[in-house]
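Me: I would like to go through some of the terms used for this protein and see what each one rests on.

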Amino acid sequence: MRAAQVSKLEGPESIEVVDIPEPASYPGGVVIDVHAAGVAFPDVLMSRGLYQMKPELPFVVGGEIAGIVREAPEDAHVRPGDRVLALTMLGNAMAEVAVIPAQMVFALPDNISLVAGAGILFNDLTVHFCLRNRGRLAEGETVLVHGAAGGIGTSTLRMAAALGAGRVIAVVSTEEKARVARAHGATDVVLTEGWLAAVKELTGGRGVDIVLDPVGGDRFTDSLRSLARGGRLLVVGFTGGEIPTVRVNRLLLNNIEVVGAAWGEWVLSHPGYLQQQWAEVEPLLAAGRIAPPEPVLYPLERAAEAVASLENRTATGKVVVTLR
């Protein structure tokens, strides 16, 4: 089978499309003919050996897929021919065939295409975890998201209202990305330059209830300043490169919180949580209350370019690699 593989830790440009043997099936595994695979920022870090999980070289990149079931155990909840989404979590996704534990495989709603489906699980379940679990989003609250034209950002814009937000403010770096944010459901859009003053004006000086921040870097302190009393800053990642520090007196004075939101770690340490999430998110997708993503598509031959688009921050929306 064809697969996008890393054999040396030199970044996305080191990803090569190679022919390798199909993975062997195992008890409890679902064999899936992969049609599309999602791209996420951990793929960038893993290609440089900078992620906390370091698979042995060579490895196939990607953590989420959509495809058609080829084989399934008798007691599985899916059957051959079913359209499905699945999580490999870290690696083994950008290949024409995958074998995945049945508990990590989910039926794809009929109203969502396979290429759109490949962009759902990683980002949407991360955002669901952030807003529901770590952010404790209450009905009508205001959510602000940095990097709003990226994968996590557009997922937040698509999902926040369905999960209870009354207002969703997008922070972006360019007018082009502002158009992307509006198309994905932002209530308001502000540019990175002067964003804090703009948000204060939009909220009448009150501030926002939740900041979802996958960027980190030098805007972190202003994110704290943007919070209303009782507000929560959700730390999702550091695509900006710099890991910020917190002066905890700011938390005390305004009764605000900085909350870590590592969805993958939570899933691995809380058996059954993934299924609980899907039980809430799937009906919202099936009913159209959460719009499916409209991913930027790259063929497998351009997998290196697809992953690089996240590193160089040219990606808008979710990036998906097509295999069939």
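Predicted model: local features only at pLDDT ≥ 70, side-chain atom pairs only at ≥ 80, totals over all residues.

Me: Which residues line the second largest pocket nearest its centre, and what is its volume?
Reply: A pocket is an open set of points on a 1 Å grid over the protein atoms alone, where a 1.4 Å probe fits, with protein on both sides within 12 Å along at least five of seven lines; lining residues have an atom within 4 Å of a point. There are 17 lining residues here, and Thr88, Gly91, Asn92, Ala98 and Val99 lie nearest the centre. The volume is about 230 Å³, taken as the space filled by probe spheres set on points joined across faces, edges and corners.

Me: Which strand gives the most to that lining?
Reply: Strand S7 (residues 97-101) does, with five residues. Strands (E, at least two residues) and helices (H or I, at least four) are DSSP runs, numbered from the N terminus.

Me: Why is methionine 89 called buried?
Reply: Buried means under 20% relative accessible area, exposed over 50%, and partly exposed in between (1.4 Å probe, protein chains only). Methionine 89 has 14%, so it counts as buried. It lies in the loop between strand S6 (83-87) and S7, and its phi is near 75 degrees, a positive value in a residue other than glycine.

Me: What is arginine 313 called, buried or partly exposed?
Reply: Arginine 313 has a relative accessibility of 40%, so it counts as partly exposed. Its place is in the loop between helix H11 (303-311) and strand S16 (319-322).

Me: Why is valine 281 called buried, and what does it touch?
Reply: Its relative accessible area is 0%, so valine 281 is buried. This residue is found in helix H10 (residues 273-286). Contact means heavy atoms within 4.5 Å, and valine 281 touches Leu125, His128 and Met159, not counting residues up to four places away in sequence.

Me: Why are S2 and S4 said to stand at the edges of their sheet?
Reply: The sheet is open, has three strands in the order S2-S1-S4, and its pairing is antiparallel. Strand S2 (15-19) and strand S4 (59-60) each have a single partner strand, so one side of each is left without a neighbour in the sheet.

Me: How do you know that S1 and S4 pair?
Reply: Two strands pair if DSSP finds at least two bridges between them. Strand S1 (residues 2-6) and S4 have two bridges, in the antiparallel sense, and glutamine 5 stands opposite valine 60 in S4.

Me: How many bridges join S3 and S5?
Reply: Strand S3 (residues 29-39) and strand S5 (residues 64-71) pair over seven bridges, in the antiparallel sense. In S5, alanine 66 is the bridge partner of alanine 36.

Methods:
Residues numbered from 1 in each chain as written. Heavy atoms only, no water.
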